[in-house]
Amino acid sequence: VLGAMTEAAELALGWKRFDFSPLVPEDMDALRRLHEACFPVRYEQAFFDDLVHHRYWSVCVVDRSEAPGVAPARLVGVISARFELLENCEHRDMVKESWCARDEVMYILTVGVDESVRGHGLGSTLVEYAVAKAERNRACRAVYLHTLTSNTTAVRLYQRNRFVVKSSLEKCYTIDNEQIDALLVVLYVNGGRPARRWTLTNVLKECCRSVSRMLSGDDARTPRPRRYE
């Protein structure tokens with residue numbers, strides 16, 4: 001609770017209409033409705049549980065334009081993300097690795113703003129909060145996400161916030177039984193840089209990982225289910 005209060009105070013803005021704060025369990029129903037309105041896929045209950053109980057990092061936008069006592073504040077935007085070790089990331093070749101540090105990356109899971117309040121810069125502000133969070137983690141080398149190739153509005157939003165399109169991912173999502181292409185979008189932070197495909201460091205690290213996976217019987221690169229942004 002203390003951590004949530006600290007971050008809530010840190011996120012406070014002087015805007016009259018919108019407040020930014022971490023999610024809380026009481027946001028569950030509104031959070032589900034927002035995702036249903038913003039995304040063409042349905043998320044499992046476990047995902048929302050992880051968000052409101054802070055197992056993933058998140059910031060929400062609350063619209064307080066109605067007069068107090070007339071109507072309750074409305075949850076109208078959200079961003080969620082998590083940190084993961086670069087060595088376990090399915091796109092780890094997007095970042096140049098260091099020899100000693102256990103490098104991390106931030107994966108943005110979802111960014112959504114209700115259609116009724118778009119055009120106020122809320123999406124960019126949410127992305128800025130995520131980038132600031134990543135920059136405070138000195139082990140983090142990049143922030144990345146997936147977005148539909150056809151979602152040109154989202155691509156422009158990320159490009160305005162210094163992200164670059166790293167690659168195209170064929171048949172990344174399955175939506176309504178149709179396979180859809182996506183883009184891998186990346187922002188490098190804290191000195192992170194694009195990886196060179198074949199360096200001695202990368203080759204030796206890949207050999208060590210392959211031997212480790214063989215000995216353990218585990219493959220840390222098993223792709224996780226895709227989420228839609």
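## Partly exposed, and what sits there

A residue counts as partly exposed when its relative accessible area falls between the under 20% of buried and the over 50% of exposed. R74 comes in at 38%, so it is partly exposed. Keep in mind that this is a predicted model.

## R74 and its two partners

R74 makes a salt bridge with D63, with the closest N and O atoms 3.4 Å apart. R74 lies in strand β3 (residues 74-85) and D63 in strand β2, so this pair ties together parts 11 residues apart in sequence.

R74 also meets D114 in a salt bridge, at 3.9 Å from N to O. Here D114 sits in the loop between β4 and α4 (122-136), so the pair links up parts 40 residues apart in sequence. D114 counts as buried, at 19% relative accessibility.

## R17 joins in

D63 has another bridge, this one with R17, at 3.2 Å from N to O. R17 is in the loop between α1 (2-11) and β1 (18-21), while D63 is in β2 (residues 57-63), so parts 46 residues apart in sequence get tied together. R17 is partly exposed at 30%, whereas D63 is buried at 5%.

Put together, R17, D63, R74 and D114 form a linked network of salt bridges. The whole structure has 7 salt bridges.

## Over at V113

V113 belongs to strand β4 (residues 104-113) and is buried, with a relative accessible area of 10%. Beyond its neighbours within four places in sequence, V113 touches C38, V76, G77, R118, L122, G123 and L126. V113 and A37 are 76 residues apart in sequence, yet their C-alpha atoms are 9.2 Å apart in space.

Conventions. Residues are numbered from 1 along each chain as its sequence is written. This is a predicted model: local features need pLDDT of at least 70, side-chain atom pairs count only at pLDDT 80 or more; totals for chains, interfaces and linings use all residues. Side-chain values use heavy atoms; hydrogens and water are left out. Helices (H or I, at least four residues) and strands (E, at least two) are DSSP runs, numbered from the N terminus. Buried means under 20% relative accessible area, exposed over 50%, partly exposed in between (1.4 Å probe, protein chains only). Contact means heavy atoms within 4.5 Å. A salt bridge is a side-chain nitrogen of Lys or Arg within 4 Å of a carboxyl oxygen of Asp or Glu.
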